[in-house]
Amino acid sequence: MSSRAQEILHSVFGYPAFRGEQQAIVEHLIAGGDAMVLMPTGGGKSLCFQIPALVRKGTAIVVSPLIALMQDQVETLQQLGVRAAFLNSTLDARESNALERSLVNGELDLLYVAPERLLTTRFLDLLSQSHIALFAIDEAHCVSQWGHDFRPEYRQLTVLHERFPEVPRIALTATADAPTRGEIVERLALQDARQFVA
């Protein structure tokens, strides 16, 4: 086990030990592997990418469709001393530009972004100028056209694999039956990803 991951779990997040599959997922991601994670709400999904984000060099990009969730997670992380931020429609142009500079300058540990923003040419170009630690795709069931949360932008997130093939990706969801998991793997080009089902 990465002693650095264990140390961050304890010193930053205040937990004495990992639960369930968390440790295996964290180790897999730190080592540069792709992962597909199904874990119930409240099962500690966020730690599975937040800890690797702090161990690996660069900024972790977290794709999330829910503005309220983004803001909650960023607020919590900032209180823990983590350099986290979000980029969404609640920010004005000046705030957005300042955050984009912070990203390129390597001043952020995690940046939460909506899929619509991530897919813009401008943002993809910014990512190309930045050092990216990993991509975390939260609420990954949004890729499924049969789901009630379908977001067509999620279908286009294969661009991350195409443009940044060396950057590990983790897709996370609390709700996905076997066919939906298959669809997530296919739509996000996660064929070689290790699947963790808790």
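## About the model

The model is predicted: local features need pLDDT of at least 70 and side-chain atom pairs count only at pLDDT 80 or more, while totals for chains, interfaces and linings use all residues. Residues are numbered from 1 along each chain as its sequence is written, and side-chain values use heavy atoms, with hydrogens and water left out.

Helices (H or I, at least four residues) and strands (E, at least two) are DSSP runs, numbered from the N terminus.

## The sheet

Let's start with the strands. Seven of them form an open sheet in the order E3-E4-E2-E5-E6-E1-E7, with parallel pairing; two strands pair if DSSP finds at least two bridges between them. Strand E3 (84-87) and strand E7 (194-197) are at the edges, each with a single partner strand, so one side of each has no neighbour in the sheet. From one strand to the next, the twist averages 20°. Axes here are lines fitted to C-alpha atoms, for helices over the stretch in contact, and angles run from 0 to 180 degrees between N-to-C directions.

Val-37 has Leu-172 as its bridge partner in E6, and Leu-38 has Val-197 in E7. Ala-35 and Val-37 point one way from E1, Met-36 and Leu-38 point the other way, and all are buried (under 20% relative accessible area, with exposed over 50% and partly exposed in between; 1.4 Å probe, protein chains only). Further along, strand E5 (residues 132-137) and strand E6 (residues 169-173) pair in the parallel sense over three bridges, and Ile-137 has Ala-171 as its bridge partner in E6.

## Helices on the sheet

Helix H2 lies across strand E1 (35-38), E5, E6 and E7, and runs at about 160° to E7. Helix H4 (residues 67-79) also packs on the sheet, where it touches E3 and strand E4 (110-113), and its direction makes about 160° with that of E3. Contact means heavy atoms within 4.5 Å.

## Helix H3 and its partners

Two packed helices are described by the angle between their axes and the distance between the axes. For helix H2 (residues 22-30) and helix H3 (residues 45-55), the angle is about 40° and the axes are 9 Å apart. H2 and H3 are therefore oblique to each other; angles under 35 degrees count as roughly parallel, over 145 as roughly antiparallel, 65 to 115 as roughly perpendicular and the rest as oblique. The contact involves Gln-22, Ile-25, Val-26, Leu-29 and Ile-30 of H2, together with Leu-47, Cys-48, Phe-49, Ile-51, Pro-52 and Val-55 of H3. By class, this contact has 10 nonpolar, one polar and no charged residues (Ala, Val, Leu, Ile, Met, Phe, Trp, Tyr, Cys and Pro count as nonpolar, Asp, Glu, Lys and Arg as charged, and the others, Gly among them, as polar).

H1 also packs against H3, at an angle of about 115° with the axes 10 Å apart. Here Arg-4, Ala-5, Ile-8 and Leu-9 of H1 meet Leu-47, Ile-51, Leu-54 and Val-55 of H3. The residues of this contact divide into seven nonpolar, no polar and one charged.

## A loop residue

Glu-21 sits in the loop between helix H1 (3-11) and H2. Its relative accessibility is 30%, so Glu-21 counts as partly exposed. Leaving aside neighbours within four places in sequence, Glu-21 is in contact with Phe-196 and Val-197.
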